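Biologist: I am new to this structure. Please show me how to read it, one feature at a time.

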Amino acid sequence: MSSRNDSSATDIESAIGQGASPSDSLRNFAIREKQGYKGEEDIDIEVEQEPSDTLTACLQVVGAFFLMMNSWGIANTFGAYQTYYEQSLLSHESPSNISWIGSIQATLLLFVGGLVTGPIYDAGHLRGLVFVGSTFGVFGMMMTSICKEYWQVILAQGVLVGAGAGCLLLPSVAVMPQYFTTKRAFATGVAAAGSSVGGVIYPIVFHELQPRIGFGWTTRAIAFMMLVTLLIPNLVMRAKVFPSTRRPLFDTKVLRSLSYDFFTIGAFFGFMGMYIPFYYITTFSIEKGIAGESLGFYMLALLNAGSVFGRLIPNFFADSIGPLNISTPFILCCAIISFCWPSIHSLPSLILFCIFYGFFSGTFVSITGPSISSLSPDIALVGTHMGMSFGFGSLGLLIGNPVAGVLLERGWTAVAMFCGACNALAAIFIFMSRVKKTGWVWWVRA
């Protein structure tokens, strides 16, 4: 029983930064499985906590922050490259074809980080994942700087950088819960904010340097920034323990849970539509004449700046009212804002759109893991269930932005309606998941 609980706790913590710690030295578990066990609500856990305000614990947060900055942060930067490719390097390609580069990158980030790296981490190779991810990411950006053809950019920026980012994703959230017995959600939120900070800094660097030193050296400058910042997690990231048993990659039994199925489908549509503004907002602002080329690049930075608060504030309340109660209204707000996209005709309205959409979309990304945890029918396999859900959701990331690029030929209204429809479907399915779990009871933690 002890071996099983150690493994299950690590799976939970490696993905969501919540729940039980895998280390017996940190806390002792007394788990009583009840007849008809369905999930976390049917478990009584007694915890002996130790202080978590140590230098080592703080270094894990710093390291995870920079891992997020160079995984999701790099993926959030592609909108700047999308605009540049459309205007210069790959101007002979359609916006849809160009968006495949970023879609492949983001898909590999989610697929590799959510599904592939789990068994590698369980085998005790955390530092190996960080090193390989750092090498792939930096090398991929270096190779991107010398690319001249479309297929070269696909391989370098799409495949290499995406696979590297995927290797960095799991370590960025797997270690901290082993060090934090209190303020765990806040520490995870601080680390997750690294992705938004990267999404603010890297586009600005690209925009400011590209006209002065050219595309090649600008991309190399970003690669050097990645190299320097990734040295920190390579030096400080440490795992206290690893699970005694390895979790399976796939669990067919969870598919019998309709609440889990509904949420996974909702996540698929959410990932399909959520990142469309991140890829196309700069192009939209320039084509519509709302902002000049110089100011238009900063719209992507505004989106990412808004998502910083979207990752921190809602997570603070999710522990008390439940992640599903946060997910549905925030994703619905994304849908409403998306439908308002075509009505933007002035700079103030564009700025408000970027800030609010960034805020609500940031919540979706950060709250997905805890939501899946609350729906898992077996606490020992939460990591597996999360990997399955993220793997399916990565398909939405793969096709969403290229489809938006095709719809762009019919105008920006078509793009906005597709984005809003995907977000609305995500909200509907996640709401169905919540109802299936709790029934039509409104004031209940879910």
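Biologist: What share of the 446 residues in the protein chain is buried?

Modeller: First, the cut-offs. Buried means under 20% relative accessible area, exposed means over 50%, and partly exposed lies in between (1.4 Å probe, protein chains only). In the protein chain, 61% of the 446 residues are buried.

Biologist: What should I know about the model itself?

Modeller: This is a predicted model: local features need pLDDT of at least 70, side-chain atom pairs count only at pLDDT 80 or more, and totals for chains, interfaces and linings use all residues. Residues are numbered from 1 along each chain as its sequence is written, and side-chain values use heavy atoms, with hydrogens and water left out.

Biologist: How do I read pLDDT here?

Modeller: pLDDT is the predictor's confidence in each residue, from 0 to 100. The mean for the protein chain is 81, and 83% of its residues reach 70 or more. Over residues 1-52, pLDDT stays under 50.

Biologist: How many helices and strands are there in the protein chain?

Modeller: Helices (H or I, at least four residues) and strands (E, at least two) are DSSP runs, numbered from the N terminus. The protein chain has 15 helices and 0 strands.

Biologist: How do I check the length of a helix?

Modeller: The expected span is 1.5 Å times one less than the number of residues. Take helix H6 (residues 126-144). Its 19 residues should span 27 Å, and its end C-alpha atoms are 27 Å apart, so the two agree. Now helix H9 (residues 258-274). Its 17 residues should span 24 Å, and the end C-alpha atoms are 23 Å apart, which agrees.

Biologist: Is H9 mostly covered or mostly open?

Modeller: H9 is mostly covered, with 15 of its 17 residues buried. H6 has buried residues too, among them Leu126, Val130, Gly137 and Met141.

Biologist: Where is the salt bridge?

Modeller: A salt bridge is a side-chain nitrogen of Lys or Arg within 4 Å of a carboxyl oxygen of Asp or Glu. The structure holds 1. It joins the side chains of glutamate 208 and arginine 212, at 3.6 Å, N to O. Both residues lie in helix H8, 4 residues apart, about one turn of the helix.

Biologist: Why does that spacing matter for direction?

Modeller: An α-helix has 3.6 residues a turn, so residues three or four places apart point the same way.

Biologist: How do I read contacts?

Modeller: Contact means heavy atoms within 4.5 Å. Consider contacts between residues at least 6 apart in sequence: 81% of them join residues at least 24 apart.

Biologist: Which residues does valine 236 contact, leaving aside neighbours within four places in sequence?

Modeller: Valine 236 is in contact with Leu59, Gln60 and Gly63, those neighbours aside. Valine 236 is found in helix H8. Its relative accessible area is 17%, so valine 236 is buried.

Biologist: Give me a case from a loop.

Modeller: Serine 71 lies in the loop between helix H2 (55-69) and helix H3 (72-75). Its relative accessibility is 1%, so serine 71 counts as buried. Not counting residues up to four places away in sequence, serine 71 touches Leu109, Ala165 and Leu168.
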